[in-house]
Amino acid sequence: MVSRKKVRLFVDYIPYGRQCIDEDDIQVVVDVLRGDLITQGPVNEAFERAVAEYVGVTHAVVFSSGTAALHGAYFAAGVEPGDEIITSPLTFVATANAALYLGGRPVFADIDEKTLCLDPKEALRKVTDKTKAVVPVSYAGCPVDISAFREAMPGIPVIEDACHAIGGERNGNKVGKDADMTVFSFHPVKHITTGEGGMVVTDNEKFAERLRFFRSHGITKDPGLLLQKGQGPWYYEMQMLGYNYRLTDIQSALGLSQLRKLDASIAKRREIARRYDEGFAKVEWVTLPPQHPGHAYHLYPIQVNPTIRKKLFEHLRSNGIGVQVHYIPVHMHPYYREVLFFKKGDFPKAEMLYEGEISLPIFPQVTKDQQENILRTVLDI
């Protein structure tokens, strides 16, 4: 039998992020389940059209996960064995792994300590004749400066990993408008969720065509794209090697419902971030996250002295506050050290951030009372 104390702790636990599902979300999923098509149906396309319109682009291609979407974006950009993509080590491993899936190689460049995003000057130093794309990450939801990469390395496709940043803005544009391709994630801790899911948005028709092929076994039924004409209505062709990275209509229905509430969710996250900023404003040993008017605040990452980070982390967890650390720099994982020969010290700014970073809870359901408790518990240390 579970003890009363354990039940209470579970109920009171505040994770660093979680999904927000309401009755409208549940109803649209039930409606699809009661319909005729639960995958490869009209809701899937409706979700894509809605995201494309929200962002302000021509094409949106939905995938089964953010990782699959990254994989597809690199394929669309033409990454092949021996090619390189330049990205930040301060990200989830999928940003780099997706290049390895295609036989490419991730090349890391250090972060800008003012934004915690990939430093365009450092990225420029890593450009070679093998560079196929640069992949800046909008870390924590802070929109990375895409124009800086276009100016620094003209002609190289820019793929924004905006898995943290849907709903953010820069220079009057929604995140997703400025890069050649932009990748979103719909994991439950993100701004909107489809359970698992991802999407690539672009204004480039060629990229969109390759993304759709890649997502669905390399197969097309589109009469305009068929190589053999004049076949029957049953006819389809596999023209390249693709994957089954499709999203179901069940999940797309949830995503479409969630999208309608995205702006309200972002506004709530910004309000929570503002209260954190005010609460820590005079605390010298807490470094606040970068400020940006279009910040989407997927995370609220503070930095503390590395000597107290573990103690603070354990103190918060023991008080029911589910903090996390984002991220162990990719190059410090055993696979990258042992197989790709990266080492500690390669990217000192990213490593320094990791040593002192803690992500505090930030999602729309965090109440003022809960946030006050989080602030008190941090300052207790």
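I looked up helix H9 (residues 249-259), where Asp 249, Ser 252, Ala 253, Leu 254, Gly 255, Leu 256, Ser 257, Gln 258 and Leu 259 are buried, buried meaning under 20% relative accessible area, exposed over 50% and partly exposed in between, with a 1.4 Å probe and protein chains only. That makes nine of the eleven residues of H9 buried, and the helix is mostly covered. I noted that helices (H or I, at least four residues) and strands (E, at least two) are DSSP runs numbered from the N terminus.

I bear in mind that this is a predicted model, in which local features need pLDDT of at least 70, side-chain atom pairs count only at pLDDT 80 or more, and totals for chains, interfaces and linings use all residues. Residues are numbered from 1 along each chain as its sequence is written, and side-chain values use heavy atoms, with hydrogens and water left out.

Next I checked the partners of H9: its buried residues pack against helix H2 (23-33), H3 and helix H10 (262-280), contact meaning heavy atoms within 4.5 Å.

I then turned to the sheet, which is open and has four strands in the order E2-E10-E9-E6 with mixed pairing; two strands pair if DSSP finds at least two bridges between them. Strand E2 (59-63) and strand E6 (159-161) stand at the edges with a single partner strand each, so one side of each has no neighbour in the sheet. I found E6 paired with strand E9 (residues 181-185) in the parallel sense over three bridges, with Ile 159 opposite Met 181 in E9.

Last, I saw that helix H3 (residues 42-55) packs on this sheet and touches E2, E9 and strand E10 (198-202).

Note on methods:
Axes are lines fitted to C-alpha atoms, for helices over the stretch in contact, and angles run from 0 to 180 degrees between N-to-C directions.
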